[in-house]
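Let's take a walk through this protein together, from its inside to its surface. Keep the viewer open as you read.

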Amino acid sequence: MTSVQVEKKLDGSDAAGSAAEEGYQRGLGNRQIQMIAIGGAIGTGLFLGAGKAISKAGPSIILAYAIVGLVIFCIMRALGELLMYRPVSGSFSEYAREFLGPFMGFVTGWTYWLFWVVTGITEVTAAATYVQYWNKGIPQWASALVFTVALFGINLISVKLFGELEFWFSMVKVTAIIGMILIGLGVITLGFSDAGDTASFTLLWSDGGFFPKGIGGTLMTLQIVMFAFLAVELVGVTAGEATNPKKVLPKAINTVPWRIGLFYIGALIIILSVVSWTVFKPGVSPFVAAFQQIGLPAGAAIVNFVVLTAALSSANSGMYSTGRMLRDLALNGQGPKLFTRLSKNGLPTWGTGVSVAMMLFGVWINYQWPGKAFDLVVSFATISGMWAWIMILLSQLRYRAKANRGELPQSEFKAPGAPYTSIFALAFIGMVIVMMGVDPDARVSLYAAPFWALVLGVSYLVLKARNPESFARSAATAVGADATARDGGKGTAKGATKG
């Protein structure tokens with residue numbers, strides 16, 4: 001962080017300043033940011049992954065989503081505190097670099113890039129699966145290829161178009177879930193449709209109990225549930241291109257509790273009250289399965305279209321974020337200089353292009369293992385995505401400690417209950433990682449983690465040896481910021497608030 005950024009960040013002038021410094025255009029307005037925040041996490045993890053989670057835990061999956069939702073809110077408020085301190089597109093990588101050192105910034109940036117590449121593969125895999133609902137004759141790999149190329153083309157036009165597309169994608173998802181909840185309530189209360197005679201809230205505990213697979217079964221679904229919430233932190237990446245980040249971002253983050261309550265917990269309560277949990281199977285959207293049981297084939301087709309758009313929305317977000325993360329790494333000397341280039345529309349096309357090329361690997365996965373592609377990549381995405389959450393929480397703890405000592409200015413959007421809420425979230429993530437080691441289906445991601453760590457460690461040493469000045473500057477930024485605050489405020493953060 002430069003001293004100029006420190007001096008500007010509290011008076012709002014850095015909102016435009018950082019955008020100019022980074023080269024991006026602030027084309028994402030309040031309407032778009034709000035819908036990205038609401039719809040960003042409503043994707044494959046809920047619409048497709050929930051089927052496997054329900055089959056493993058039964059109705060108790062509702063409790064798992066509620067507990068994980070609380071953890072997610074702690075993470076998002078920690079991120080919000082950092083964003084109001086300094087809203088930049090590098091987000092987690094930038095904060096890790098400043099508060100945890102250049103190596104952690106390097107690891108976080110590249111790991112988050114990997115997360116979205118793998119997530120992009122996951123989402124186009126899911127989208128290809130949904131297409132087979134209408135036509136099983138279309139190869140899964142062919143649909144994945146078409147979707148990947150089409151979304152890449154959209155990301156080459158402008159950030160405003162990306163925001164507008166995400167707005168409407170999210171609008172479709174939100175409208176559909178609300179509609180499904182209302183239809184489900186009608187089935188339960190009015191008794192219409194084929195499921196009307198059996199639909200009841202008592203299905204939540206009458207068919208084997210609320211914990212039909214025991215507490216252990218519920219715990220084993222935590223990594224699936226965590227995956228469902230991955231991408232909520234995407235709001236942090238949009239900070240560098242939001243028109244008024246200090247006003248828009250807190251509002252977006254504060255929507256987290258009610259959107260989790262409505263779109264996740266509310267939707268699952270209704271679905272599991274309309275149809276017994278024993279009906280749902282891995283690899284099949286529980287929303288589609290529920291409408292089929294209700295006897296509304298047209299409704300099932302509509303839901304399938306909605307979940308298709310949800311998957312494409314998440315893949316679109318992945319392409320957006322990967323280009324920004326690679327450019328942030330390149331600007332800090334931690335990636336190829338080629339990625340610093342922007343198009344005339346202010347888009348990191350080189351970084352996005354390379355990321356999409358990696359996503360095409362997902363087409364090959366779909367070709368080789370069409371039946372196992374989704375489960376295979378979910379575990380990789382979960383562990384890499386949770387790394388970003390860990391870095392957010394650790395960075396927030398370091399920032400709060402410095403701010404409390406007067407070395408840095410206080411954030412205007414403090415995380416309630418911190419540092420205890422951040423420590424709680426870290427402990428919970430640690431428990432989930434342990435559970436992943438116990439689960440044979442999820443263990444593959446833990447096998448891959450040491451290999452990825454080795455690749456990053458060697459790459460870091462090579463890059464640092466070739467360009468030591470760049471890494472020295474990265475390491476010195478936080479020191480310079482502290483000095484600016486101390487010199488200007490004599491132990492306080494006054495010097496950091498000058499306009």
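Two residues are in contact when heavy atoms lie within 4.5 Å. With neighbours within four places in sequence set aside, Ser395 is in contact with Leu82, Tyr95, Ala96, Phe99 and Leu100. Before going on, please note that this is a predicted model, in which local features need pLDDT of at least 70 and side-chain atom pairs count only at pLDDT 80 or more, while totals for chains, interfaces and linings use all residues. Residues are numbered from 1 along each chain as its sequence is written, and side-chain values use heavy atoms, leaving out hydrogens and water.

Ser395 sits in helix H21, residues 373–404; helices here are DSSP runs (H or I, at least four residues), numbered from the N terminus. Ser395 counts as buried because its relative accessibility is 0%, where buried means under 20% relative accessible area, exposed over 50% and partly exposed in between, with a 1.4 Å probe and protein chains only. Gln396 also belongs to helix H21, and Gln396 is likewise buried, at 0% relative accessibility. The side chain of Gln396 makes a polar contact of 3.2 Å with that of Glu81 (a pair of N or O atoms within 3.5 Å; within protein, one must be able to donate a hydrogen and the other to accept it, and residues adjacent in sequence count only if both atoms are side-chain atoms). Not counting residues up to four places away in sequence, Gln396 touches Glu81 along with Ala78, Leu82, Ala415, Ala418 and Ser422.

Which residues touch the most other members of the largest nonpolar core? They are Ile61, Tyr65, Ile72 and Trp389, in a core of 141 residues. Helix H6 (residues 61–85) gives this core its largest share, 16 residues. Such a core is a set of buried Ala, Val, Leu, Ile, Met, Phe, Trp, Tyr and Cys residues joined through side-chain atoms within 4.5 Å. Apart from its neighbours within four places in sequence, Ile61 is in contact with Ala53, Ile54, Thr221, Val225 and Leu272.

Helix H6 also holds Ile67. Ile67 is partly exposed, because its relative accessible area is 36%.

For a last stop, look at helix H23 (residues 443–466), where Tyr447 is found. Is Tyr447 buried or exposed? Tyr447 is exposed, because its relative accessible area is 59%. Tyr447 and Gly437 are ten residues apart in sequence, and their C-alpha atoms are 9.2 Å apart in space.

Note on methods. Helices (H or I, at least four residues) and strands (E, at least two) are DSSP runs, numbered from the N terminus.
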